[in-house]
Amino acid sequence: MEGNSMGVRRTVVLDGSNIVSGGAGGEDVNGHRLISAVDLYAKKGYEVVPVMKHGTYFWMRGKEIPGFDAVRRLRNSGKLRMFGKDDDLYIIQIALDLDAWIVTQDTFEDKPNGTKKERSQAREKRMSQGKK
C-alpha cells in the first residue's frame, strides 16, 4: 500500500466520467469541471489521479462539449488514466491500491455489493498483497 508513513491519505482518485457529467443523473456535461477538480486538489497538496471511461471521452470528442480540449490536453499529457468498462470497480481498486480518497458524485447503486465473482477476486487480490 502506498501512502505516507504517518497514515494520512494524500492521494485522490477523481471519477472523471462522473465529474464531467455533473454527478449521478447529471445532464450538463462540461470538461472544465474535471480540470478544476484536478487543479483544486493539486493546490491543496494532493497527488491527483484523474480517471475516465474511454466511452465518455470519445462521446465528448464527438460532441461540442465545453472543456473537451482541456480534457484532451490532460489525456495527451499522460495524466488522465483511461479504462474500458467496470468503471466503479476500477476506481475503487485504484483507490485501494494507492490508499486514496475517491472524489465522485456517483451513488454506486448499479453495483451495491458486486457479484460473487468480483468480491472473490477482490478478496484474493487483497490476500495476495498481504491485506485483509
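# Close-up views of a predicted model

**View 1. Aspartate 15 is found in strand 1.** The model shown in this and the other views is predicted. Aspartate 15 is buried, yet no salt bridge is found for this residue. The nearest side chain of opposite charge belongs to lysine 53, at 8.2 Å. The side chain of aspartate 15 does make a polar contact, at 2.9 Å, with the side chain of threonine 104. Leaving aside residues up to four places away in sequence, aspartate 15 touches Val51, Ile91, Val103, Thr104 and Asp106.

**View 2. Aspartate 99 sits in the loop between helix 5 (87-98) and strand 4 (101-103).** Aspartate 99 is not a glycine, but its phi is positive, at about 50 degrees. Most residues other than glycine have a negative phi. The relative accessibility of aspartate 99 is 17%, so this residue counts as buried; the cut-off for buried is under 20%.

**View 3. Arginine 9 and aspartate 99 are joined by a salt bridge.** The closest N and O atoms of the two residues are 3.0 Å apart. Arginine 9 lies in the segment before strand 1 (11-15) and aspartate 99 in the loop between helix 5 and strand 4, so the pair ties together parts that are 90 residues apart in sequence. Arginine 9 has a relative accessible area of 34% and is therefore partly exposed. Arginine 9 also lies over the face of tryptophan 101, at 4.9 Å from the ring centre.

View 4. Arginine 72 is partly exposed, because its relative accessible area is 32%. Aspartate 69, at 47% relative accessibility, also counts as partly exposed.

**View 5. The side chains of arginine 33 and aspartate 28 meet in a salt bridge.** The distance from N to O is 3.3 Å. Arginine 33 has a relative accessibility of 29%, so this residue counts as partly exposed.

**View 6. Tyrosine 41 and tyrosine 46 form an edge-to-face pair.** A search of the whole structure finds four aromatic pairs. A pair of aromatic rings is described by the distance of the centres and the angle of the planes. For tyrosine 41 and tyrosine 46, the distance is 5.8 Å centre to centre and the angle between the planes is 75 degrees. Tyrosine 46 is partly exposed, because its relative accessible area is 21%.

**View 7. Tyrosine 57 and phenylalanine 68 form a tilted pair.** The ring centres of tyrosine 57 and phenylalanine 68 are 5.1 Å apart and the planes are at 50 degrees, so the pair counts as tilted. Tyrosine 57 lies in helix 3 (residues 54-62) and phenylalanine 68 in helix 4 (residues 68-76), so the pair ties together parts that are eleven residues apart in sequence. Both residues are buried. Ring pairs link Tyr57, Phe58 and Phe68 into a cluster.

Note on methods: Residues are numbered from 1 along each chain as its sequence is written. This is a predicted model: local features need pLDDT of at least 70, side-chain atom pairs count only at pLDDT 80 or more; totals for chains, interfaces and linings use all residues. Side-chain values use heavy atoms; hydrogens and water are left out. Helices (H or I, at least four residues) and strands (E, at least two) are DSSP runs, numbered from the N terminus. Buried means under 20% relative accessible area, exposed over 50%, partly exposed in between (1.4 Å probe, protein chains only). Rings of Phe, Tyr and Trp (its six-membered ring) pair if their centres lie within 6.5 Å; planes under 30 degrees apart count as stacked, over 60 as edge-to-face and the rest as tilted. A charge sits over a ring if NZ of Lys or CZ of Arg is within 6 Å of the ring centre and within 35 degrees of the ring normal. A salt bridge is a side-chain nitrogen of Lys or Arg within 4 Å of a carboxyl oxygen of Asp or Glu. Lys and Arg count as positive and Asp and Glu as negative; His and the chain ends are not counted. A polar contact is a pair of N or O atoms within 3.5 Å; within protein, one must be able to donate a hydrogen and the other to accept it, and residues adjacent in sequence count only if both atoms are side-chain atoms. Contact means heavy atoms within 4.5 Å.
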